Amino acid sequence: MQQTRAKYEQLIRDLRGDLRPQREWCEGRGLFLVFGHFVGGVAAGAWLFSLLFDSRAGLGVAFALGALCGISHLAFLGRPQRFWRMAAQWRTSWISRGFAGLSLFLGGGFLYLVPRYLPQAPWAADSAIADAGYVLALAGMLVLIVYKGFVYATSKAIPFWNSPLHPAMYIAFALRGGIAALLITLALGGETAATRDLLLLWTAVTAVVTVFFALEMHAALTGGNPAARRSVHELLSGRVAIAFYGGTLTLGVIVPAWFVWAGLSGPRTLAAMVALGVTSVIGDFFMKYSMIRAGVHLPVWTRQTLQRG
Amino acid sequence: MRWGMVIDLRRCIGCYGCQLSCKAEHGTPPGVLFARVLKQEEGQYPNVRQLFLPVLCNHCEEAPCVDACPTGASFKWEEDGIVDIDPDKCVGCRSCMMACPYSNRYFNDSPQHYFEDGATPYEQARTGRHQTDVVMKCNFCRDRVRAGKKPACVANCPTVARIFGDLDDPTSEVSRLIKERGGFPLHPEAGTRPSVYYLPP
């Protein structure tokens, strides 16, 4: 009852304010959604780069992360037992498309990976079933990489997220997370052959992410919407600032960038590659957490409403 | 037919009668407010005025909540344009809450009651019938409307600030008021084509 009362009091306080913070998708069980979106992006990115770098272990890790993404989403839902209904509205709903993508990814990934890990499996790695799994998982991977940004960008209640750059930024984050996950996997497996390429890729994608982020902040600050401006202030100097500066900037960019510089200019140790991947991935989580947490609802009562009087 | 509402901001006195009558009609739990009244003061003493803005679901013609819902739980009745929720289909993903530019959807996340001593008999009878862990919102009192009555907030407004009618009928009172008094919807830039209009104060 105490918790319920506190939540009620919080809601009433929020409703009294002009700019109401978004809490449903980041507090309480909402953290599972943030984690699910984060880990889903990493899973899809890791699958892509594991295919490109031909890493069986990376594919296995990507599949496991995909499953974790599904479990995390189920933990967030109010009525998880009805999850199957989410396939119904794929024509209009990005969440529905994401559900379809995750289902394809997990189903296809299972068909593709089983014969690669279990030689005695009922179907062979070069069979039509495995090939079908490859195609399904690839389609699911593409949906997983793309859909999350659109879920946020089409949320009309939160102007901070209504940016055409948001989907592009989420795509870039999925790629960055995938590179980091593959770096960790390869380093833990003792493989160093591809790490130089991955470090260069990480640098390029991080640069793209940084440019997208800066553009989005600029657009939110200059776009004229008070809710979007408040969100930027929350991110840079408000209730999300610690997560942003500590998690996103320091852990997610500065520390891994130092490891990249050290790795490209000197000997690459496995421990350093693992540390790079881990800090980059943690930074990605905090980036998503910060962006979601900084969301502020579009104010119902606007200056225009008053001016009509 | 498309049911709609006109709210005359000149007549609204901020009595919260709509909010209370809605709560009584639907037995909504704490933290779920189908109808709300926003209050704002403007100007500087002694030239001050207080403004009230009653808000509720806008039953948009282009409802973003319906598009965002992955299960079809949020839907629009074809015959009267009312946007409704089927609680049996809702998975509680809250995407509709993020899609609604008017923030008029609420998540009923646990059995709640107003008093420390537990649920009152009224709450057990009325609040308890709502499913938890699903999203709730105003449905223009569709059961009442289908029975030929006005929505509870309209019927109980003491200053007759709320008028309910068919927006598709150009001769209806709501259509006439919107035309004659310059009725405006909230956030027209969102492109949602709301069915709730406001008359200037």
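E61(B) and R2(B) form a salt bridge in which the closest N and O atoms are 3.0 Å apart. This pair opens the exercises, which work on a predicted model.

**Exercise 1.** Determine which parts of chain B are tied together by E61(B) and R2(B), and state how accessible each residue is.

*Solution.* Begin with location: E61(B) lies in the loop between strand 3 (47–55) and helix 2 (64–68) of chain B, whereas R2(B) belongs to the segment before strand 1 (3–8), so the pair ties together parts that are 59 residues apart in sequence. Then turn to accessibility: E61(B), with a relative accessible area of 27%, is partly exposed, while R2(B), at 10%, is buried.

**Exercise 2.** Work out how E234(A) and R230(A) are placed relative to each other along helix 8 of chain A, and classify each by accessibility.

*Solution.* The side chains of these two residues, E234(A) and R230(A), meet in a salt bridge at 3.8 Å, N to O, which falls within the 4 Å cut-off. Because they are four residues apart in helix 8 (residues 226–237) of chain A, about one helical turn separates them. E234(A) has 12% relative accessibility and therefore counts as buried, whereas R230(A), at 34%, is partly exposed.

**Exercise 3.** Describe the contact between chain A and chain B by its extent, its polar links and the make-up of the chain A side.

*Solution.* For the extent, the contact takes 44 residues from chain A and 58 residues from chain B, and the two chains bury about 4,200 Å² between them, 58% of it on carbon and sulfur atoms. For the polar links, there are three salt bridges between the chains, among them the one between D133(B) and R29(A), at 2.9 Å, N to O, and 22 residue pairs are in polar contact, both residues at pLDDT 80 or more. On the chain A side, helix 1 (2–16), helix 4 (94–117) and helix 11 (303–307) are the elements that give two or more residues, with helix 1 supplying the largest share, seven residues. By class, this side has 21 nonpolar, twelve polar and eleven charged residues.

Definitions and conventions:
Residues numbered from 1 in each chain as written. Chains lettered and ligands numbered in written order. Predicted model: local features only at pLDDT ≥ 70, side-chain atom pairs only at ≥ 80, totals over all residues. Heavy atoms only, no water. Contact = heavy atoms within 4.5 Å. Buried area = accessible area lost by both parts, 1.4 Å probe. Polar contact = N/O pair within 3.5 Å; in protein donor to acceptor, adjacent residues only side chain to side chain. Nonpolar A, V, L, I, M, F, W, Y, C, P; charged D, E, K, R; others polar. Buried < 20%, exposed > 50% of the residue type's maximum accessible area, 1.4 Å probe, protein only.
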